[in-house]
Amino acid sequence: MPQTLYDKLWDSHVVHSEEDGTALLYIDRHLVHEVTSPQAFEGLRVAGRKLWRADSIVCTADHNTPTTDWDRGIDGIADPIAREQVVTLDRNIRAFGSLAYFPFLDKQQGIVHVIGPEQGATLPGMTVVCGDSHTSTHGAFACLAHGIGTSEVEHVMATQCLVAKKMKSMLVRIDGALPAGVTAKDMALAVIGRIGTAGGTGCAIEFAGSAVRALSMEGRMTLCNMAIEAGARAGMIAFDDVTAAYLKGRAFAPKGAEWDVAVAYWRTLKSDEGARFDATVEMRAEEIAPQVTWGTSPEMVVTVDGRVPDPEREKDAARRSGIEAALKYMGLAPNTPMTEIRVDRVFIGSCTNSRIEDIRQAAWVVRRLGRRVASSVKQALVVPGSGLVKAQAEAEGLDRVLKDAGFEWREPGCSMCLAMNADRLEPGERCASTSNRNFEGRQGAGGRTHLVSPAMAAAAAIEGRFADVRKLT
Amino acid sequence: MEKFVQHKGLAAPMDRENVDTDAIIPKQFLKSIHRTGFGENLFDAWRYLDTGEPGMDNAARPLNPDFVLNQARYRGASILVAGKNFGCGSSREHAPWALQQYGFRAIIAPSFADIFFNNCYKNGLLPIVLEAGTVRRLIDAIKGFVGYELVVDLEAQTVRTPDAEALAFDITPHRKYCLLNGFDDIGLTLRSADKIRAFEAERRARHPYYFNSRVA
């Protein structure tokens, strides 16, 4: 029987299966960071357990780490509770071991979902887990990758397995060519706008179609990253030459003859012709326009040439009150054109959009517009996803372009995506952000987030309001 | 893990959809390296009028009188009934920890986000999916009658209302077994250690490139 990519990944990792479908699933790669691991390590200690396989663990500190003052070392983390969490991770990794650890201040440190692929630690055919919902990112490499809670982090540490039940499968096929100025981020938001934030609940999504195949690995990671915002724990894309080209030569990728053996296997990591999915969504890339969210859920999204919705026109009572509450929080009037909304801050970064291609897109827009960040914008932050991304961007001169235009060029980390460090919005401030969640208070208590692509964020910084990047091309 | 067999408790309504984990427990409280102490900051941004930070004396903070759980009639509530897609967003287990430590034993909603749903079971907190119309009816009944109590019977897989209506819910046998006995998964899984070792050895032989052992 023809199998989906998900079927293949699932079947190749089942250690044992119970009658009700509950299975023990073997985990190849465990990514660990400072926020969701301390209680798991503590649990191991209390029970007198060890790591089942230390060399499955790749670790970094990213959520709490500052993006300035690295010359001050650990003292640069002003918040003593955050500092303790980072120090605790150091201590735990020293005591328990790992395959690789990129601690705070390391030249290769970065956002866990950026460094996994960058180091070749995420490989096709793997199961990849992490105590972070955006683990779906790694599915771009034809992996089964999803977020887990801290109890499960401890479970994987102690047993190398997860207790899991097979999800349903959803195919999201996007064919055609994206218009100039429209990116993987816009594809992701358009999918969420179409199926909703619970549209993929209970499913693993496979993204396919010519528009998906045409994406770079960076774009594919952006798309899979946002699968969780569509409710799906896992997003994935079949292996192809683009995947191979990205991985070849990376630190933990196989080398020499082993590379050829691996690639031969990886070529099978695609859905078979005629494989059956529980649900299918089809979209045309030509019809996707730059997206901007207007509300407090990623599904509250319109195209940049659209307007803030009018709750009066919503017939469903629950949905109407949801729109009203969101508009009140966001401080927006119904029917306002999106291009009339002014922003106070701009954030380019996060596990969604902090890779080299994202920074290139932002710099391209800045060059094209040839002006500085609008005087009405208090701050425009660019936070590269890792030390390696930062170094590459600097080698390409992108940092100069951005800094000369008035952007701040920071050290890597999660930063203002979730505002656990000092980078955050003040109450009432409005932000054009390349991150993944526009929930109430996500970027700081009372902050107002509009999710956009890096190109759209850069344009918003220069114009001081949302602008249609298609007009620049 | 605390066992869950049967629970009778006061129900409280959370009449909104897409209640996300950032709302359940805001990020500033995730800096803790402990597993406890989250209950006082459950729904922090909605519950208090000021901005909460770790280490504050929460008893001294101004409460938001409009927030549902601050109403006297819902004091001591242990069953939360909410709109669809409850627990969406991040994987933070701090969300079920906060709910459980506040005093909730069960959450009823038409649907839950997958990771949150899974995390609840690890903490003796029972997430119950009931049909949307039924949840709507329950929320209206809770709002309409002060002191509205529900009985959650895991053995029978029912939620019983004060007028003795029994609403059936699904749960996998594995999860039910763990909750009824208060078992956590690690001990159970390690009973299969030999199977895991055998699987691992075979995988290592077939795909050695997944077993890079350059341990730092």
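Which residues touch the most other members of the largest nonpolar core? I looked this up in a predicted model, where local features need pLDDT of at least 70, side-chain atom pairs count only at pLDDT 80 or more, and totals for chains, interfaces and linings use all residues. Residues are numbered from 1 along each chain as its sequence is written, and side-chain values use heavy atoms, without hydrogens and water.

**Entry 1: the core.** I noted the term: a nonpolar core is a set of buried Ala, Val, Leu, Ile, Met, Phe, Trp, Tyr and Cys residues joined through side-chain atoms within 4.5 Å. Buried means under 20% relative accessible area (1.4 Å probe, protein chains only). The largest core has 116 residues, and A:Phe407, B:Phe43, B:Leu80, B:Phe86, B:Leu99, B:Ile108 and B:Leu126 touch the most other members. Helix α15 of chain A (residues 454–463) gives this core its largest share, 8 residues. Helices are DSSP runs (H or I, at least four residues), numbered from the N terminus.

**Entry 2: B:Leu99.** I skipped its neighbours within four places in sequence; B:Leu99 is then in contact with residues including B:Phe43, B:Leu80 and B:Phe86. Contact means heavy atoms within 4.5 Å.

**Entry 3: chain B against chain A.** I found 59 residues from chain B and 80 residues from chain A in the contact. The two chains bury about 5,700 Å² between them, 57% of it on carbon and sulfur atoms. Buried area is the accessible area (1.4 Å probe) lost on putting two parts together, summed over both.

**Entry 4: salt bridges.** I counted 6 between chain B and chain A. B:Arg203 and A:Asp28 meet in a salt bridge through their side chains (2.8 Å, N to O). The rule wants a side-chain nitrogen of Lys or Arg within 4 Å of a carboxyl oxygen of Asp or Glu.

How values were computed:
Chains lettered and ligands numbered in written order. Buried < 20%, exposed > 50% of the residue type's maximum accessible area, 1.4 Å probe, protein only. Helix = DSSP H or I, 4+ residues; strand = E, 2+ residues; numbered from the N terminus.
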